[in-house]
Amino acid sequence: SKILEYIGSHYHEPNLRLSDIANEIGISEEMTSELLKNHSNLTFRQYLNQVRLEEAKRLLKVSSLQISEIAFKVGYNNIQHFNRVFKEYTDLQPKNYREMFSQK
């Protein structure tokens with residue numbers, strides 16, 4: 001649970017690494033990775049992207065922030081990368097997702 005809490009508190013940091021988490025909780029990167037995989041069935045990168053993209057989806061629905069602002073806010077420092085990962089995750093571009101699900 002410390003791993004999940006740490007990711008939940010730090011997902012917005014673009015340079016968040018598995019080593020940061022391992023160092024913070026005092027276990028090896030391999031053990032951190034294994035615990036996360038056992039809990040979520042996802043790799044660190046997959047889990048981090050999932051957390052980031054769930055927050056991006058929420059912000060697209062409830063805010064009027066620009067898509068680039070949302071990307072930076074959830075930890076992506078490259079808008080093209082954000083758009084690509086978002087489309088892989090949702091099958092929609094962020095703009096189309098907002099149009100379909102916006103509560104405004």
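Why are Phe 82 and Phe 86 separated by about one helical turn? The two residues lie four apart in helix α6, so about one helical turn separates them. In this predicted model, both Phe 82 and Phe 86 are buried.

The largest nonpolar core contains 26 residues. Ile 7, Ile 21, Phe 44, Val 74, Tyr 76, Phe 82 and Phe 86 are those with the most contacts inside this core. At least two core residues come from each of α1 (2-10), α2 (18-25), α4 (44-62), α5 (67-73) and α6 (79-90). Helix α4 supplies the largest share, eight residues. When residues up to four places away in sequence are not counted, Ile 7 touches Ile 21, Leu 36, Phe 44, Tyr 47, Leu 48 and Val 51.

Aromatic pairs number four. One of them joins Tyr 76 to Phe 82 in a tilted arrangement, with 5.4 Å centre to centre and 55 degrees between the planes. Tyr 76 is buried, as is Phe 82. Phe 82 also pairs with Phe 86, and this pair is tilted, at 5.7 Å centre to centre with 50 degrees between the planes. A single aromatic cluster is formed by Tyr 76, Phe 82, Phe 86, Tyr 97 and Phe 101.

Two rings of this cluster, those of Tyr 76 and Phe 101, have a charged group over them. The charged end of Arg 52 sits over the Tyr 76 ring, 5.3 Å from its centre. Over the ring of Phe 101 lies the charged end of Lys 61, at 5.9 Å from the ring centre.

Methods: Residues numbered from 1 in each chain as written. Predicted model: local features only at pLDDT ≥ 70, side-chain atom pairs only at ≥ 80, totals over all residues. Heavy atoms only, no water. Core = buried A, V, L, I, M, F, W, Y, C linked by side-chain atoms within 4.5 Å. Buried < 20%, exposed > 50% of the residue type's maximum accessible area, 1.4 Å probe, protein only. Contact = heavy atoms within 4.5 Å. Phe/Tyr/Trp six-rings, centres within 6.5 Å; stacked < 30°, edge-to-face > 60°. Lys NZ or Arg CZ within 6 Å of the ring centre and 35° of its normal.
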